[in-house]
Amino acid sequence: MKFQLLASFVLLASSSLVAAAPLEERAAPPVPYFSGFNLGANKPDGSCKTQANWEQEFKKIRSWSTNTKDKFNSIKIFSTNDCNALANAAPAAIATGTTIWAGIWPSTPEKFNAEKAALEAQLKKYQSTGNKWLMGINVGSEALYRKEIDPKVLAQYIYDIKGMTQIAYKATHVPVGSADTWTSWVDGRNKPVIDASDVILMNAFPYWQGVEVEAGLRTFQEAINRTKNVIGPNKPFVVGETGWPSAGPNFQKAIACKSCLQKYYTNVACWLQKQSYGWYWFSGFDEPKRESEIERNFGIAWYGQTPKVNFTCPK
Ligand SMILES: *[C@@H]1O[C@H](CO)[C@@H](O)[C@H](O)[C@H]1NC(C)=O
Ligand SMILES: *[C@@H]1O[C@H](CO)[C@@H](O)[C@H](O)[C@H]1NC(C)=O
């Protein structure tokens, strides 16, 4: 069935494009430097964010920018369909000059199809303006880490979304890949996903590796080095998630505290800016409805929307 889906898009493509190269041979879209934040689709009371809520958050996040390189004009969401996230966030992004990196849940064929349909609805709605609001797509968010999908099936889903986005809707600037932990990317069983991806989004949390915050940057750089050794120097690479909790229980040598978050931000975000690796911090705002105390405290700002850190990078 998945192969039929792919075939239907290739068919659609051949009627609109005379000589589309096979997806495997098309050059991956370049990924320019950007910086921004992961955002959930729910408000603190658990209800879904409206278009007005997204717009307010995008404006707030852009107001945090303290330099011309980190414009904070891109955000990453985890699902297109849950809470109608993409339908509400896309017009908010267009209104505020923000771009969106859209996550697609692939956990079951039904879920994947609903996510794909929610993406297609927005691609269609904004096709005439070139869909410039869409920065990239990750099919799967730690799906390999949770072992909830066969890597070959995930690779097929990535080709399916690429065919729809880049060929059928001609959004050739939009790279399609997957977001996963660095440990997943260095696991040889996941090579089909790397091969199918235009871009690799790496999630890495030195806090969860139990190191003290002073070792955070080095631990994070090791994760990048090991991932890049596997994906190769030419595969576009983006940090999908990194962050440090400002409160909650400690994990081995890793201490959750506000000054630790500041140290980790200054060390890691400012280094990423120098390296020009695009990044999405995890996350924009605390999520008070999350189950564990530690997971409620990964926001760079309290939900009252005051940042916990000074974003200025040392010269
Ligand atoms: C990562 O790789 C770079 C380039 O090879 C090297 O300079 C650096 O020391 C490495 N960092 C770590 C922490 O392994
Ligand atoms: C942030 O840090 C910079 C550089 O140290 C300083 O100039 C600036 O006043 C600080 N901003 C705030 C809001 O504290």
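Mentor: A disulfide is a pair of cysteine sulfur atoms within 2.5 Å. This model is predicted, and a search of the whole structure finds three disulfides.

Trainee: What makes C48 and C83 a disulfide?

Mentor: Their sulfur atoms are 2.2 Å apart. The cut-off is within 2.5 Å, so the pair qualifies.

Trainee: Why is it said that C48 and C83 tie together parts that are apart in sequence?

Mentor: C48 lies in the loop between β1 (35–38) and α2 (51–63), whereas C83 lies in the loop between β2 (74–77) and α3 (85–96). The parts tied together are therefore 35 residues apart in sequence. The link of C48 and C83 is left-handed, with -70° about the S-S bond.

Trainee: Why is C48 called partly exposed?

Mentor: The relative accessibility of C48 is 37%. Buried requires under 20% and exposed over 50%, with partly exposed in between, so C48 counts as partly exposed.

Trainee: How do you know that a disulfide joins C257 to C260, and which hand does the disulfide have?

Mentor: The S to S distance of C257 and C260 is 2.1 Å; the limit is 2.5 Å, so the pair is a disulfide. The torsion about its S-S bond is about 90°, and the disulfide is therefore right-handed.

Trainee: Is C260 buried or exposed?

Mentor: C260 has a relative accessible area of 9%. Because buried means under 20%, C260 is buried.

Trainee: What makes the disulfide of C270 and C313 left-handed?

Mentor: The torsion about the S-S bond of C270 and C313 is about -90°, so the disulfide is left-handed. This pair links distant parts of the chain: C270 is in helix α9 (residues 258–275) and C313 is in the segment after β8 (279–281), 43 residues apart.

Trainee: Why do C270 and C313 count as buried?

Mentor: C270 has 6% relative accessibility, and C313 has a relative accessible area of 17%. The cut-off is under 20%, so C270 is buried, and so is C313.

Trainee: What pattern do the disulfides of the protein chain follow?

Mentor: With bonded cysteines counted along the chain, the pattern is 1-2, 3-4, 5-6.

Trainee: Which residues are around ligand 1, and what makes N225 a polar contact of ligand 1?

Mentor: The residues are R218, Q221, E222 and N225. A polar side-chain atom of N225 lies 2.3 Å from an oxygen atom of ligand 1; the cut-off is within 3.5 Å, so this is a polar contact. Ligand 1 taken alone exposes 360 Å², of which the protein buries 34%.

Definitions and conventions
Residues are numbered from 1 along each chain as its sequence is written. Chains are lettered from A and ligands numbered from 1 in the order in which they are written. This is a predicted model: local features need pLDDT of at least 70, side-chain atom pairs count only at pLDDT 80 or more; totals for chains, interfaces and linings use all residues. Side-chain values use heavy atoms; hydrogens and water are left out. Helices (H or I, at least four residues) and strands (E, at least two) are DSSP runs, numbered from the N terminus. Buried means under 20% relative accessible area, exposed over 50%, partly exposed in between (1.4 Å probe, protein chains only). A residue is near a molecule or strand if one of its heavy atoms lies within 4 Å of it. A polar contact is a pair of N or O atoms within 3.5 Å; within protein, one must be able to donate a hydrogen and the other to accept it, and residues adjacent in sequence count only if both atoms are side-chain atoms. Accessible areas come from the Shrake-Rupley method with a 1.4 Å probe; for residues, only the protein chains shown count as cover.
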